[in-house]
Amino acid sequence: MKNIDSFSFKGKRAIVRVDFNVPLDTSFAVTDDTRIRGALPAIRKILSDGGSAILMSHLGRPKKGYEEKFSLIHLVAILKKLLGAPVSFSADCTGEKALQASKILKPGEVLLLENLRFHPEEEKGDETFAKELTSLADVYVNDAFGTAHRAHASTTIIAKFFPENKMFGYLMKSEVEALNRVLNNAQHPFTAVLGGAKVSDKIPVIERLMDKADNILIGGGMAYTFFKAMGDNIGTSKCEEDKLETARKLVALAKSKGVQLLLPVDSVIADIFSNEARTGLASSGTIPEGWMGLDIGNKAVSDFTEIIFASKTILWNGPMGVFEIPKFENGTRKIAEGIAEATSKGAYSLVGGGDSVAALNKFGLVEKVSYVSTGGGAMLEYVEGKELPGVKAILG
Ligand code: AMP
């Protein structure tokens, strides 16, 4: 494995797996360029060394071959603008077109390849397809943390064809470093804040964090499965009936490990799932019939923020309530503000997952936390302790 910092790309063509899976509006304009900006440091390093960069990515979930709305051609203009360098486009990521385009590429130039997932071979991890991508370049850089948990041709399989010349890009490197800092090198107290709709998605994460964190704060829809498991009344709140036993086990596990697993004592309740709902405040274990908990209440906010303020390391994944609806955004906003304040006083905070990052954006707090992870699924799998195929392919 090579290090992007010390590697000289002079005269080399580098094929870079980036995560350009960005949202587009109906006229195909990029509505959030965070992911593109995340890849710029690696691209700039390659170009300033006197190399050229061939960028490959997926965009959306095309079903069968080319679909205009998933074409990466929509990104050429914004990429040119952000980079300030010439960017050409190949209408196919492999084959004669791509090969010719890569051959005429000059130092300092960028070639963007069409969506990898227009070829089903990409997600199948097809070796021949990976080899075709290999033929375009001399060096492989993986800078796509968001897909590092997938053993796809461009994220994993391709690495074996560059045994000497493979490396992480800056984004990937910083993601792995940030997660390792929290998981292996945390200053204590270490608090994990978990939320979101479903507990089933987060069970392995909660289990692993029992060995790492001092406090696990649980909000969002997933909290109600825990209340139900303890025999409480949760009205029509979200509940996974088949996870009641698991919830009880997690509570017992926390007790036996001396980890503080904290649930929101009160909730903002609503009669319908809408901003037009009638709302009220209730103890989370005594929610009346016909009402549902859609946000954590004031007492829960103060319990949670007190612990957050006393923490040296904070990991946050998943909103505390239905923050997309203004009436139920307060809990998520207050927790985000609390994490920002703790960070300003010296705590290290890592926030990941699409919804938590969207919440930070909504509340203007992106710059106020220590690290924002670009990978939702990849981050959760890393926290679970799984070896990510994309990471392993570079390290191995
Ligand atoms: P996840 O994808 O599991 O991280 O869940 C994120 C989603 O959970 C967001 O869209 C929230 O609106 C939703 N959510 C958070 N709290 C609740 C709740 N109390 N009831 C229903 N959905 C919730």
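What percentage of contacts in the protein between residues at least 6 apart in sequence join residues at least 24 apart? The share is 73%, and the legends below take a look around this predicted model.

Figure 1. Along the principal axes, the C-alpha atoms fill a box of roughly 70 × 45 × 35 Å. If you are curious about the interior, 56% of the 396 residues count as buried.

**Figure 2. Helices α1 and α2, packed against each other.** Here we move in on helix α1, residues 34–48, and helix α2, residues 76–83. Their axes lie 11 Å apart and form an angle of about 55°. That angle makes α1 oblique to α2, because it falls in neither the roughly parallel range, under 35 degrees, nor the roughly perpendicular one, 65 to 115. The crossing of the two helices, α1 and α2, is right-handed.

**Figure 3. Side by side: the residues where α1 meets α2.** On the α1 side, look for I36, R37, L40, I43 and R44. Their partners in α2 are I78, L79, L82 and L83. Sorted by class, the contact of α1 with α2 has seven nonpolar residues and two charged ones, with no polar residues.

Methods. Residues numbered from 1 in each chain as written. Predicted model: local features only at pLDDT ≥ 70, side-chain atom pairs only at ≥ 80, totals over all residues. Heavy atoms only, no water. Axes fitted to C-alpha atoms, helices over the stretch in contact; angles between N-to-C directions. Helix = DSSP H or I, 4+ residues; strand = E, 2+ residues; numbered from the N terminus. Parallel < 35°, antiparallel > 145°, perpendicular 65-115°, else oblique. Left-handed = near helix turned anticlockwise from the far one by under 90°. Contact = heavy atoms within 4.5 Å. Nonpolar A, V, L, I, M, F, W, Y, C, P; charged D, E, K, R; others polar. Buried < 20%, exposed > 50% of the residue type's maximum accessible area, 1.4 Å probe, protein only.
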